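This report goes through one protein model, from its overall pattern to single residues. The sequence and the structure come first.

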Amino acid sequence: SAVVFLMIRRPPRSTQSRSSAASDVYKRQDIDIAENGLIAVKKVKETCQKPSQAYALIIMDYDMPVMDGVQATKELKKLEAEGVISCPKILGFTAFSGPILQKCIESGMSEVVPKPVNYEVIKSILYKYGILN
């Protein structure tokens, strides 16, 4: 089944080298998956209780069951405004353009990438947000 939502955990601050942390990301050891937007919001709220497990970046698909990416992003931004969570950058993915793309941006996503997304785009975004160095 398709992965509709990815959250990348911030590597622990330890003696782990940057290159080791980078390889862990690609081995999926630092990636958490939520099957829909509602579960995603719940997982982000739970990790905010444990700062050492906080997410460094949220990758949010627009088209998800139960709660779509726009609704989930709005909920996360609302919780952040209320001081309940500290929300990491949210990177949106969508196969749509026009009004849907604009909705994604207006919801509070840091940026939106059109699908299909290739490996080099993902890699450059991980570098851009400091996940990989």
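## Overall pattern

Along the sequence, the protein follows the pattern β-α-β-α-β-α-β-α-β-α. It has five helices and five strands; helices (H or I, at least four residues) and strands (E, at least two) are DSSP runs, numbered from the N terminus. This is a predicted model, in which local features need pLDDT of at least 70 and side-chain atom pairs count only at pLDDT 80 or more, while totals for chains, interfaces and linings use all residues. Residues are numbered from 1 along each chain as its sequence is written, and side-chain values use heavy atoms, with hydrogens and water left out.

Of the 133 residues in the protein, 41% are buried. Buried means under 20% relative accessible area, exposed means over 50%, and partly exposed lies in between (1.4 Å probe, protein chains only). Among contacts between residues at least 6 apart in sequence, 64% join residues at least 24 apart; a contact means heavy atoms within 4.5 Å.

## Helix 2 against helix 3

Two packed helices are described by the angle between their axes and the distance between the axes. The axes of helix 2 (residues 37-48) and helix 3 come within 9 Å and cross at roughly 25 degrees. Axes here are lines fitted to C-alpha atoms, for helices over the stretch in contact, and angles run from 0 to 180 degrees between N-to-C directions. Helix 2 and helix 3 are therefore roughly parallel to each other (under 35 degrees; over 145 counts as roughly antiparallel, 65 to 115 as roughly perpendicular and the rest as oblique).

On the helix 2 side, Gly37, Val41, Val44 and Lys45 meet Ala72, Glu75, Leu76 and Leu79 of helix 3. The residues of this contact divide into five nonpolar, one polar and two charged. Ala, Val, Leu, Ile, Met, Phe, Trp, Tyr, Cys and Pro count as nonpolar, Asp, Glu, Lys and Arg as charged, and the others, Gly among them, as polar.

## Cys87

Cys87 sits in the loop between helix 3 and strand 4 and is buried, with a relative accessible area of 11%. Beyond its neighbours within four places in sequence, Cys87 is in contact with Ile58, Leu76 and Glu80. Cys87 and Lys45 are 42 residues apart in sequence, yet 9.2 Å apart in space, C-alpha to C-alpha.

## The aromatic pair

A search of the whole structure finds one aromatic pair. The ring centres of Tyr62 and Phe96 are 5.7 Å apart and the planes are at 80 degrees, so the pair is edge-to-face. Rings of Phe, Tyr and Trp (its six-membered ring) pair if their centres lie within 6.5 Å; planes under 30 degrees apart count as stacked, over 60 as edge-to-face and the rest as tilted.

Tyr62 lies in the loop between strand 3 (55-61) and helix 3 (69-81), and Phe96 in the loop between strand 4 (89-94) and helix 4 (99-107), so the pair ties together parts that are 34 residues apart in sequence. Tyr62 is buried at 12% relative accessibility, whereas Phe96 is partly exposed at 42%.

## Backbone details

The peptide bond from Lys115 to Pro116 is cis, with omega near 0 degrees. Pro116 is in the loop between strand 5 (111-114) and helix 5 (119-128).

Val66, in the loop between strand 3 and helix 3, has phi near 65 degrees, a positive value in a residue other than glycine. Val66 is exposed, at 65% relative accessible area.
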